[in-house]
Every structure is written in C-alpha cells, then in structure tokens.
Amino acid sequence: MVKLVILGGSGSGKSTQAQRLCKYLDMPLISTGEILRETISGNKSANGYGEPNDLVSSAKPYLEKGELVPDEMMIECIKVRLSQLDVSCGWILEGYPRTAFQAEELDFLLDSLGQKIDWAIYLQVPEAVMVSRSLGRSLPDDQPEIVQRRVELFYDCTIPILEYYDRRRRLLTINGDDSPEQVQHNILSLIGDG
C-alpha cells in the first residue's frame, strides 16, 4: 500500500514509469498531465475524475502557452481524485507537485485525508534528453518553444521540490536515462518491492 510521487522534467519518462509501476503494483495512476491533455483535446469523458471538468477547462489558456496551471486548480483536481474509493490500496501521482509550494499543499491535503507520501521518486535525465524525447512524442503541446519553456520552468521549480522531499528523507533519485526496464527495476528495489 505504497503512495508515490514521480518527479522529472518533460520527457524524463515519468508517464512511462508511472504506468509501469501502477501495473506492477496494481494501483491507480493519478496523472495530472492526462487530465490536462484531455482538456486541451476536448475529450472530457471517462477520465475518472468526474467533477473537476469545469475547473480543468479554466486551465486551458495556461496549457496552451506552456505555463503552469494555478495551484488552487490543480490541488482541487487532486483532492477530488484522492477522495475516490480506488485509492485506498495506494496510488502513484504523476505530474504534480511542480513547485515546493504545491509539495507542501499536497502534504496538507494528504494530512487532512489521513494519508502521506512514502517516496518522491525523481527521474534525473540531462536537459538535452528531455528536449529530444519531448519533441519525439508529437503531443499537441509539444511544440519546440513550449518544450523549451517547460524545461526552463522545470529547473526553476523542481530544485526546491527536491530539497523539500530531501529534507523530509523521502526523496529517491533515479537515473532516468537507462532503459525503461532498468529504471523500473531500480525504483522497485529502492522502495523495497523488487
């Protein structure tokens, strides 16, 4: 019954690892990127999030510019998702938190729900890898200038998050430049499940 946060830049393999780990550990994936991408493409059905659709729709202008969505919108989405029944067996959160403030907000939210994060897993990859992988994905928001902006934002915002989790002794740093199989193996052995 483990609760994990997966951190990493655009193209670091966060989604891939989050999906692999959810399958392996048989628990739900909470992906803020998926919720937000569905918003951009207008596909709001079957995302398992029910209510936050209106909330998430107001996030669209930020996403189209490659900017971060306001904290209160994101935490509200996560709150709704973490109140659902299927998360009682543990969960993996991908795409959030993106700032130290959000990490703190998430801890407050989890506290109020009687939950806590076991590990924050940081997939570390070189900047050039982030950019080339992102550009190879052909998602609607993966334009070169948007990718570059996201990489810059990532470095500005992520270092404080890593420090936040490190101070709480909950940070695991993994080399995200290995093969997906190797990365998954390294994560599982560090969290004591592989």
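# Reading the sheet, helices and pocket of a predicted model

Analyst: Four bridges join strand β1 to strand β4 (residues 119–124), and the two strands run parallel. In this pairing, the bridge partner of L4 is W119 in β4. Please keep in mind as we go on that the model is a predicted one.

User: How should I read the pairing of strands, and in what order do the five strands form the open sheet?

Analyst: As a general idea, strands of a sheet pair through backbone hydrogen bonds, and the pairing can be parallel or antiparallel. Here the five strands form an open sheet in the order β2-β3-β1-β4-β5, with parallel pairing. The strands at the edges are β2 (29–31) and β5 (171–175), each of which pairs on one side only. On average, neighbouring strands of this sheet are turned by 20° against each other, if direction is ignored.

User: Which residue of β3 is the bridge partner of K3, and which residue in β3 does L29 stand opposite?

Analyst: The partner of K3 in β3 is W91, and β1 and β3 pair in the parallel sense over four bridges. L29, for its part, stands opposite I92 in β3, while β2 and β3, which also run parallel, are joined by three bridges.

User: Is L162 buried or exposed, and with which residues is L162 in contact once its neighbours in sequence are left aside?

Analyst: L162, which is found in helix α8, has a relative accessible area of 12%, and because buried means under 20%, L162 counts as buried. Leaving aside its neighbours within four places in sequence, L162 is in contact with L7, Y122 and L171. L162 and L7 are 155 residues apart in sequence, yet their C-alpha atoms are 8.7 Å apart in space.

User: How is the packing of two helices described, and at what angle do α6 and α8 pack?

Analyst: Two packed helices are described by the angle between their axes and the distance between the axes. In this model α6 and α8 pack at an angle of about 40°, with their axes 7 Å apart, and that angle makes α6 oblique to α8. On the α6 side the contact is made by A100, A103, E104, L106 and D107, and on the α8 side by C157, P160, I161, Y164 and Y165.

User: Which residues of helix α7 are buried, and is D156 buried or exposed?

Analyst: In helix α7 (residues 127–135) the buried residues include V129, M130, V131 and S134, and what covers the buried residues of α7 includes α8. D156, whose place is in α8, counts as exposed at 58% relative accessibility. The C-alpha atoms of D156 and R98 are separated by 9.9 Å, although these residues are 58 residues apart along the chain.

User: Finally, which residues does UniProt list for "binding site", and which of this set does the lining of the largest pocket take in?

Analyst: The unreviewed UniProt entry lists T32, R37, E67, L68, V69, G95, Y96, P97, R98, Q102 and R150 under "binding site". From this set, the lining of the largest pocket takes in T32, R37, E67, L68, V69, G95, Y96, P97, R98, Q102 and R150.

User: Where do G95 and R150 lie, and with which residues are G95 and R150 in contact?

Analyst: G95 lies in the loop between β3 (91–94) and α6 (100–112), and with a relative accessible area of 7% G95 is buried. Apart from its neighbours within four places in sequence, G95 is in contact with I6, K14 and T32. R150 has its place in helix α8 (residues 144–167) and is buried as well, with a relative accessible area of 15%. With its neighbours within four places in sequence left aside, R150 is in contact with S10, G66, R137, D141 and D142.

Technical notes:
Residues numbered from 1 in each chain as written. Predicted model: local features only at pLDDT ≥ 70, side-chain atom pairs only at ≥ 80, totals over all residues. Heavy atoms only, no water. UniProt positions renumbered as here; feature names shortened; annotations may be inferred. 1 Å grid on protein atoms, 1.4 Å probe; cavity = no way out; pocket = protein on both sides within 12 Å on 5 of 7 lines; lining within 4 Å. Buried < 20%, exposed > 50% of the residue type's maximum accessible area, 1.4 Å probe, protein only. Contact = heavy atoms within 4.5 Å. Pairing = 2+ DSSP bridges. Axes fitted to C-alpha atoms, helices over the stretch in contact; angles between N-to-C directions. Parallel < 35°, antiparallel > 145°, perpendicular 65-115°, else oblique.
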